[in-house]
Amino acid sequence: MWFTFTMNARFCRPGTPVAPSLFRAPDERAVARLPRRMAVAMGLVPLFVDDTDRLHLACRSPLDADLIGEVGELLKATVVAHVVPEVR
């Protein structure tokens with residue numbers, strides 16, 4: 001398998017502080033690794049690549065293991081999904 005699904009549960013509980021890294025503009029390395037077309041089609045936003053080369057993404061459906069698994073396989077990367085609410 002080319003992917004590892006990791007859900008960061010800290011971001012699912014109300015009142016839990018958000019990691020400061022999520023307030024910055026997306027990391028250029030993360031943007032380069034996630035094709036724009038894929039990001040738009042799947043509702044993903046690249047955030048950053050950490051020290052262990054894991055790609056962190058904001059995702060409307062971080063519990064959708066099939067979606068995150070497909071992204072990891074297509075990108076041949078370890079993906080960490082962070083939940084983000086849909087705003088209209």
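Which residues of helix α3 are buried? They are Leu67, Ile68, Gly69, Val71, Gly72 and Leu75. The views below start with the whole chain and then return to this helix.

**View 1. The whole chain is a predicted model with 3 helices and 4 strands.** From the N terminus on, the elements run β-α-α-β-β-α-β. Helices (H or I, at least four residues) and strands (E, at least two) are DSSP runs, numbered from the N terminus. Of the 88 residues in the protein chain, 36% are buried. Buried means under 20% relative accessible area, exposed over 50%, and partly exposed in between (1.4 Å probe, protein chains only). Residues are numbered from 1 along each chain as its sequence is written, and side-chain values use heavy atoms, with hydrogens and water left out. In this predicted model, local features need pLDDT of at least 70 and side-chain atom pairs count only at pLDDT 80 or more, while totals for chains, interfaces and linings use all residues.

**View 2. The largest nonpolar core holds 17 residues.** Such a core is a set of buried Ala, Val, Leu, Ile, Met, Phe, Trp, Tyr and Cys residues joined through side-chain atoms within 4.5 Å. Leu34, Leu44, Leu57, Val71 and Leu75 touch the most other members. Two or more residues come from each of α2 (36–42), β2 (44–49), β3 (55–59), α3 and β4 (79–83). Helix α3 gives the most, with 4 residues.

**View 3. Helix α3 spans residues 65–75.** Val71 and Leu75 are among its buried residues. Glu73 also lies in this helix. Glu73 is partly exposed, at 39% relative accessible area.

**View 4. A patch of negative charge lies on the surface.** Its members are Asp64, Asp66, Glu70 and Glu73. Patch residues have over 30% relative accessible area and no salt bridge; like charges are joined within 9 Å, and nonpolar side chains (Val, Leu, Ile, Met, Phe, Trp, Tyr) within 5 Å. A salt bridge is a side-chain nitrogen of Lys or Arg within 4 Å of a carboxyl oxygen of Asp or Glu.

View 5. Lys76 sits in the loop between α3 and β4. Lys76 is a residue other than glycine.

**View 6. Asp53 has a positive phi of about 70°.** Asp53 is not a glycine either. The loop between β2 and β3 contains Asp53. At 43% relative accessibility, Asp53 is partly exposed.

Notes: Accessible areas come from the Shrake-Rupley method with a 1.4 Å probe; for residues, only the protein chains shown count as cover. Lys and Arg count as positive and Asp and Glu as negative; His and the chain ends are not counted. The place of a charge is taken as NZ of Lys, CZ of Arg, CG of Asp or CD of Glu.
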